[in-house]
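Please look through the sequence and the structure before reading on.

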Amino acid sequence: MDTLTREAVRYLGYGNHAVDEQTMALVRTSIEELRDIARDRIIYRIFELETDGNESVKIGKLDIKSKNLAKNVRGCSQAVLLGATLGIETDQLIRKYTVTNMPRAVVLQACAAAYLEEVLDQWQDGLKAEMLEEGWYLRPRFSPGYGDFDIRHQKELLQMLDGAKKIGLTVTDGMMLSPTKSVTAVIGVSKENVPCHRSGCEMCGKTDCIYRRNSR
(Lines give C-alpha, C1' and ligand atoms only; values in the text may rest on other atoms or scores of the structure.)
Protein backbone atom coordinates (compact mmCIF):
# COMPACT_ATOMS: atom_id res chain seq x y z
CA MET A 1 0.00 0.00 0.00
CA ASP A 2 1.54 3.34 -1.02
CA THR A 3 1.67 6.30 1.35
CA LEU A 4 -1.25 8.20 -0.21
CA THR A 5 -3.55 5.17 -0.04
CA ARG A 6 -2.48 4.42 3.53
CA GLU A 7 -3.16 8.01 4.59
CA ALA A 8 -6.59 7.99 2.90
CA VAL A 9 -7.47 4.83 4.81
CA ARG A 10 -6.31 6.48 8.04
CA TYR A 11 -8.57 9.47 7.35
CA LEU A 12 -11.46 7.04 6.92
CA GLY A 13 -10.92 6.04 10.55
CA TYR A 14 -10.14 2.35 10.16
CA GLY A 15 -7.59 2.40 12.97
CA ASN A 16 -6.63 -1.19 13.79
CA HIS A 17 -9.32 -2.70 11.60
CA ALA A 18 -8.53 -4.35 8.28
CA VAL A 19 -9.84 -2.64 5.16
CA ASP A 20 -12.20 -4.72 3.03
CA GLU A 21 -11.44 -5.17 -0.66
CA GLN A 22 -14.47 -3.16 -1.78
CA THR A 23 -13.44 -0.13 0.24
CA MET A 24 -9.83 -0.43 -0.88
CA ALA A 25 -10.92 -0.52 -4.52
CA LEU A 26 -13.07 2.57 -3.92
CA VAL A 27 -10.10 4.38 -2.35
CA ARG A 28 -7.85 3.60 -5.31
CA THR A 29 -10.36 4.67 -7.97
CA SER A 30 -11.17 7.82 -5.99
CA ILE A 31 -7.48 8.75 -5.87
CA GLU A 32 -7.23 8.26 -9.64
CA GLU A 33 -10.25 10.52 -10.15
CA LEU A 34 -8.77 13.15 -7.86
CA ARG A 35 -5.49 13.17 -9.75
CA ASP A 36 -7.43 13.97 -12.91
CA ILE A 37 -9.69 16.68 -11.47
CA ALA A 38 -7.71 18.43 -8.71
CA ARG A 39 -6.12 21.78 -9.56
CA ASP A 40 -3.70 22.17 -6.68
CA ARG A 41 -2.21 25.60 -6.11
CA ILE A 42 0.07 26.94 -3.40
CA ILE A 43 0.99 30.48 -2.44
CA TYR A 44 3.54 31.53 0.15
CA ARG A 45 5.49 34.48 1.52
CA ILE A 46 8.37 34.74 3.98
CA PHE A 47 8.15 37.19 6.88
CA GLU A 48 10.37 38.15 9.79
CA LEU A 49 9.45 36.31 12.99
CA GLU A 50 9.86 37.20 16.65
CA THR A 51 8.93 35.02 19.64
CA ASP A 52 9.47 35.12 23.36
CA GLY A 53 9.70 31.32 23.43
CA ASN A 54 6.63 31.12 25.64
CA GLU A 55 3.36 32.02 23.90
CA SER A 56 3.94 35.24 21.97
CA VAL A 57 4.68 34.97 18.24
CA LYS A 58 4.93 37.95 15.88
CA ILE A 59 5.02 37.25 12.15
CA GLY A 60 5.33 40.46 10.16
CA LYS A 61 2.58 42.60 11.69
CA LEU A 62 0.56 39.60 12.86
CA ASP A 63 0.51 39.00 16.62
CA ILE A 64 -0.35 35.46 17.78
CA LYS A 65 -0.74 34.03 21.27
CA SER A 66 -0.08 30.30 21.14
CA LYS A 67 2.14 28.15 23.34
CA ASN A 68 2.06 25.34 20.78
CA LEU A 69 3.12 27.55 17.87
CA ALA A 70 5.75 29.31 19.98
CA LYS A 71 7.25 25.92 20.84
CA ASN A 72 7.19 24.89 17.19
CA VAL A 73 9.06 28.01 16.00
CA ARG A 74 11.42 28.46 18.96
CA GLY A 75 14.81 29.62 17.66
CA CYS A 76 13.38 30.77 14.31
CA SER A 77 13.89 34.25 12.90
CA GLN A 78 11.68 33.91 9.83
CA ALA A 79 8.40 32.23 8.97
CA VAL A 80 6.83 30.95 5.78
CA LEU A 81 3.10 31.67 5.58
CA LEU A 82 1.34 29.46 3.07
CA GLY A 83 -2.05 28.78 1.62
CA ALA A 84 -2.87 25.73 -0.49
CA THR A 85 -5.97 24.40 -2.21
CA LEU A 86 -7.08 21.56 -4.45
CA GLY A 87 -9.46 23.98 -6.15
CA ILE A 88 -13.20 24.33 -6.57
CA GLU A 89 -13.17 21.38 -8.96
CA THR A 90 -12.55 18.98 -6.08
CA ASP A 91 -15.41 20.49 -4.07
CA GLN A 92 -17.71 20.13 -7.07
CA LEU A 93 -16.75 16.48 -7.50
CA ILE A 94 -17.47 15.68 -3.85
CA ARG A 95 -20.81 17.52 -4.01
CA LYS A 96 -21.79 15.53 -7.10
CA TYR A 97 -21.21 12.23 -5.34
CA THR A 98 -22.94 13.48 -2.18
CA VAL A 99 -26.13 13.49 -4.26
CA THR A 100 -25.52 10.41 -6.39
CA ASN A 101 -23.22 8.10 -4.42
CA MET A 102 -22.73 8.89 -0.72
CA PRO A 103 -20.21 6.09 0.02
CA ARG A 104 -17.97 7.40 -2.74
CA ALA A 105 -18.38 10.96 -1.46
CA VAL A 106 -17.18 9.88 2.00
CA VAL A 107 -14.16 8.11 0.54
CA LEU A 108 -13.39 11.11 -1.70
CA GLN A 109 -13.39 13.38 1.35
CA ALA A 110 -10.71 11.20 2.95
CA CYS A 111 -8.71 10.83 -0.26
CA ALA A 112 -8.76 14.58 -0.88
CA ALA A 113 -7.44 15.29 2.63
CA ALA A 114 -4.62 12.78 2.10
CA TYR A 115 -3.91 14.07 -1.40
CA LEU A 116 -3.61 17.67 -0.19
CA GLU A 117 -1.11 16.57 2.45
CA GLU A 118 0.92 14.74 -0.19
CA VAL A 119 0.97 17.84 -2.41
CA LEU A 120 2.15 19.95 0.52
CA ASP A 121 4.79 17.44 1.60
CA GLN A 122 6.28 17.36 -1.88
CA TRP A 123 6.20 21.15 -2.15
CA GLN A 124 7.80 21.55 1.26
CA ASP A 125 10.56 19.10 0.36
CA GLY A 126 11.38 21.31 -2.62
CA LEU A 127 11.35 24.48 -0.53
CA LYS A 128 13.51 22.75 2.09
CA ALA A 129 16.16 21.99 -0.53
CA GLU A 130 16.13 25.60 -1.80
CA MET A 131 16.40 27.09 1.68
CA LEU A 132 19.14 24.67 2.69
CA GLU A 133 21.35 26.05 -0.07
CA GLU A 134 21.25 29.37 1.79
CA GLY A 135 21.82 27.77 5.20
CA TRP A 136 18.22 27.83 6.40
CA TYR A 137 16.26 24.95 7.94
CA LEU A 138 12.49 24.44 8.00
CA ARG A 139 10.32 23.41 10.91
CA PRO A 140 7.11 21.37 10.53
CA ARG A 141 3.98 22.98 9.09
CA PHE A 142 1.68 24.27 11.80
CA SER A 143 -1.87 25.28 10.90
CA PRO A 144 -4.47 27.43 12.63
CA GLY A 145 -6.67 25.04 14.58
CA TYR A 146 -3.74 22.89 15.79
CA GLY A 147 -3.56 22.94 19.59
CA ASP A 148 -4.08 26.48 20.89
CA PHE A 149 -3.28 28.19 17.56
CA ASP A 150 -6.62 29.96 17.08
CA ILE A 151 -8.35 29.07 13.81
CA ARG A 152 -9.46 32.70 13.49
CA HIS A 153 -5.93 33.58 12.37
CA GLN A 154 -6.72 31.95 9.01
CA LYS A 155 -8.38 35.17 7.89
CA GLU A 156 -5.31 37.26 8.71
CA LEU A 157 -2.95 34.77 7.09
CA LEU A 158 -4.93 34.84 3.86
CA GLN A 159 -5.02 38.64 3.86
CA MET A 160 -1.23 38.71 4.20
CA LEU A 161 -0.96 36.27 1.28
CA ASP A 162 -3.64 37.93 -0.88
CA GLY A 163 -5.00 34.40 -1.21
CA ALA A 164 -8.38 35.33 -2.69
CA LYS A 165 -6.84 37.15 -5.64
CA LYS A 166 -3.91 34.87 -6.30
CA ILE A 167 -5.33 31.35 -5.86
CA GLY A 168 -9.05 31.90 -5.16
CA LEU A 169 -8.69 30.88 -1.50
CA THR A 170 -11.05 32.64 0.93
CA VAL A 171 -12.38 32.16 4.45
CA THR A 172 -16.01 32.24 5.60
CA ASP A 173 -17.40 34.13 8.59
CA GLY A 174 -17.17 30.81 10.44
CA MET A 175 -13.43 30.67 9.66
CA MET A 176 -13.81 27.74 7.26
CA LEU A 177 -11.72 27.78 4.10
CA SER A 178 -13.26 27.88 0.64
CA PRO A 179 -12.63 25.76 -1.39
CA THR A 180 -12.99 23.32 1.49
CA LYS A 181 -10.04 21.11 0.53
CA SER A 182 -7.53 23.80 1.42
CA VAL A 183 -5.16 24.67 4.22
CA THR A 184 -3.19 27.56 5.67
CA ALA A 185 -0.03 27.07 7.70
CA VAL A 186 3.07 28.55 9.27
CA ILE A 187 6.55 27.07 8.76
CA GLY A 188 9.33 28.31 11.01
CA VAL A 189 12.69 29.06 9.38
CA SER A 190 15.87 28.81 11.42
CA LYS A 191 19.62 28.79 11.03
CA GLU A 192 19.60 25.92 13.50
CA ASN A 193 18.93 22.35 12.34
CA VAL A 194 16.47 21.06 14.95
CA PRO A 195 15.33 17.43 14.50
CA CYS A 196 11.54 17.31 14.58
CA HIS A 197 8.55 15.54 13.05
CA ARG A 198 6.82 17.03 10.03
CA SER A 199 3.40 15.56 10.75
CA GLY A 200 0.65 16.92 12.96
CA CYS A 201 -0.33 13.83 14.95
CA GLU A 202 2.80 14.03 17.06
CA MET A 203 1.67 17.45 18.31
CA CYS A 204 -1.70 16.14 19.48
CA GLY A 205 -2.30 14.72 22.95
CA LYS A 206 -5.31 12.65 21.88
CA THR A 207 -3.47 9.35 21.67
CA ASP A 208 -6.64 7.24 21.35
CA CYS A 209 -7.82 9.01 18.18
CA ILE A 210 -8.80 6.53 15.44
CA TYR A 211 -7.39 8.89 12.82
CA ARG A 212 -3.99 9.08 14.52
CA ARG A 213 -0.98 8.33 12.37
CA ASN A 214 0.80 5.10 13.32
CA SER A 215 -2.20 4.07 15.42
CA ARG A 216 -1.92 0.57 14.03
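Rings of Phe, Tyr and Trp, the last taken by its six-membered ring, count as a pair if their centres lie within 6.5 Å. In this predicted model, F142, Y146 and F149 form one aromatic cluster. The structure holds three aromatic pairs.

**Aromatic pairs**

- One of the pairs joins Y44 and W123: the ring centres are 5.3 Å apart and the planes stand at 65°, so this pair is edge-to-face.
- The pair links distant parts of the chain, with Y44 in strand β1 (residues 41-51) and W123 in helix α5 (residues 102-132), 79 residues apart.
- Y44 is partly exposed, at a relative accessible area of 34%.
- In the pair of F142 and F149, the ring centres lie 6.2 Å apart and the planes meet at 25°, so the pair is stacked.
- Both F142 and F149 are buried.

**The site of N72**

- N72 belongs to helix α3, which covers residues 67-72.
- The relative accessibility of N72 is 8%, so N72 counts as buried, the cut-off being under 20%.
- Leaving aside residues up to four places away in sequence, N72 touches R139, P140 and F142.
- F142 is also a member of the aromatic cluster with Y146 and F149.

**Charges over rings**

- R10 sits over the face of Y11, 4.8 Å from the ring centre.
- R104 sits over the face of Y97, at 5.3 Å from the ring centre.

Terms used
Residues numbered from 1 in each chain as written. Predicted model: local features only at pLDDT ≥ 70, side-chain atom pairs only at ≥ 80, totals over all residues. Heavy atoms only, no water. Helix = DSSP H or I, 4+ residues; strand = E, 2+ residues; numbered from the N terminus. Buried < 20%, exposed > 50% of the residue type's maximum accessible area, 1.4 Å probe, protein only. Contact = heavy atoms within 4.5 Å. Phe/Tyr/Trp six-rings, centres within 6.5 Å; stacked < 30°, edge-to-face > 60°. Lys NZ or Arg CZ within 6 Å of the ring centre and 35° of its normal.
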